[in-house]
Amino acid sequence: MDVDPAGPEPQERPLPLDGIRVLELGNFIAAPTATRMLADFGAEVIKVERPGTGDELRNWRLFAGETSMLFRTLNRNKLSVELDLRSEAGLRAAKELIATCDVLVENFRPGTLDRWGLDAATLTELNPELVVARISAFGQTGPLAARPGFAAVAEAYGGLRELVGEADRPPSRVGVSIGDSIAGLHAAFGVMMQLHQLERARAAGGRGPSPTEQHVDVALHEAVFSMMESLVPDVSAYGVTRVRTGGRMEGIAPSNAYPCSDGDVVISGNADNLFPKFMRAIGRDDLAEDPGLVTNQGRWERRDELDDAIGAWTSARTRAEALELLDAAGVPAGPILTGADIVDDEQFLARDMVQRLPVAVESVDDVREVAFPGVVPVLGEKSVPVRHVGPDLGADNDYVLGELLGWPPEEIAALRAP
């Protein structure tokens with residue numbers, strides 16, 4: 001169980017989104033990422049979960065206990081309430097909550113909420129200025145709108161997967177559900193835009209757009225596509241199709257991962273003014289003064305030669321030794337850290353980007369201090385404190401349904417799974 005009390009908690013300092021209430025109708029990663037960002041900065045996020053089972057993410061990468069650290073991370077600072085939106089009582093509760101909320105975020109397949117009785121017209125009737133953010137695989141319109149899809153599909157369709165991995169192997173993943181996370185970032189940004197539009201409209205004596213007039217429509221594949229830099233312009237202007245280049249970035253050199261005697265480092269010495277400093281730092285004055293390496297185009301053509309020279313230098317040194325020399329020369333470089341490295345890293349710790357919170361791990365009696373990521377962006381000098389980890393299923397039923405909506409205890413109890 002989550003050791004934190006149900007309901008909102010007192011704040012050490014005011015947060016930018018204090019007073020904003022958000023209803024999350026979402027599972028997995030995309031919508032919960034969006035609402036996590038809002039919750040991190042003070043919004044009261046009410047997460048609706050299926051009675052009995054809850055968000056499937058509770059069981060993803062579950063190594064012990066009943067709730068995964070993945071769920072605890074992505075749903076921190078939120079409240080959990082159990083509602084079956086397909087039931088009469090669950091739908092009634094959802095409608096009553098919507099009437100009290102500023103924002104609704106959902107990531108069901110397009111049309112799902114309509115079938116449950118929460119179409120745009122109904123939402124407008126319940127709350128005329130409700131900000132609605134919808135996240136789906138292919139958006140709310142277009143020929144593929146009804147097609148399901150997770151982050152893996154979006155990353156492939158949006159152009160990312162084709163560029164990840166080595167050229168002589170099939171495309172790879174980046175190790176996390178990056179497509180979902182990028183979509184969540186876009187959704188949170190869209191919510192903030194519409195809240196700002198609403199505030200300006202009210203200040204001018206008008207009203208903001210209703211759910212029938214405007215919603216935030218985030219498609220996973222489009223969110224990925226928006227991160228692809230000049231992938232399409234390069235094809236359109238030059239007829240150049242980007243290809244997988246492993247640890248390199250196409251057209252940029254030298255920038256890669258290099259082996260040291262005790263681990264790997266990433267070095268980016270590709271800027272024109274940095275390259276000579278980099279080469280002198282590794283004892284290759286000949287390369288620093290080579291006229292064929294003055295521009296990035298020339299360096300890219302000789303990337304293998306450069307990587308061999310750099311790799312020979314790093315291999316003869318420890319990571320600490322290599323990084324100290326590169327830092328002295330002003331060359332951007334850093335170690336490739338594992339999760340275990342990050343927990344003890346002085347830079348992460350200095351900005352409270354690793355925060356330890358009490359959480360039950362294997363059983364309700366096995367409460368441990370577990371390291372979690374801090375809140376980005378920093379406001380001031382350090383991360384905003386994480387108030388609590390992702391809640392137990394239905395931990396806030398009494399607060400949300402009883403205190404906020406005024407339901408009697410017997411009606412709240414009837415909503416729980418048998």
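Which ring does the charged end of Arg-92 sit over? Select Arg-92 and Trp-407: the charged end of the arginine is over the Trp-407 ring, 4.1 Å from its centre. "Over" here asks for NZ of Lys or CZ of Arg within 6 Å of the ring centre and within 35 degrees of the ring normal.

Quick housekeeping: this is a predicted model, where local features need pLDDT of at least 70, side-chain atom pairs count only at pLDDT 80 or more, and totals for chains, interfaces and linings use all residues. Residues are numbered from 1 along each chain as its sequence is written, and side-chain values use heavy atoms, with hydrogens and water left out.

Next, pick Arg-299 and Phe-275; the arginine lies over the face of Phe-275, 5.1 Å from the ring centre.

Now for ring on ring. Rings of Phe, Tyr and Trp (its six-membered ring) pair if their centres lie within 6.5 Å; planes under 30 degrees apart are stacked, over 60 edge-to-face, and the rest tilted. That gives four aromatic pairs. Show Phe-28 and Trp-60: with centres 5.2 Å apart and planes at 40°, the pair is tilted. Phe-28 is buried at 17% relative accessibility, while Trp-60 is partly exposed at 30% (buried is under 20% relative accessible area, exposed over 50%, partly exposed in between; 1.4 Å probe, protein chains only).

Last stop: Phe-138 and Tyr-157, an edge-to-face pair at 5.1 Å centre to centre, with 80° between the planes. Phe-138 is buried at 7%; Tyr-157, at 49%, is partly exposed.
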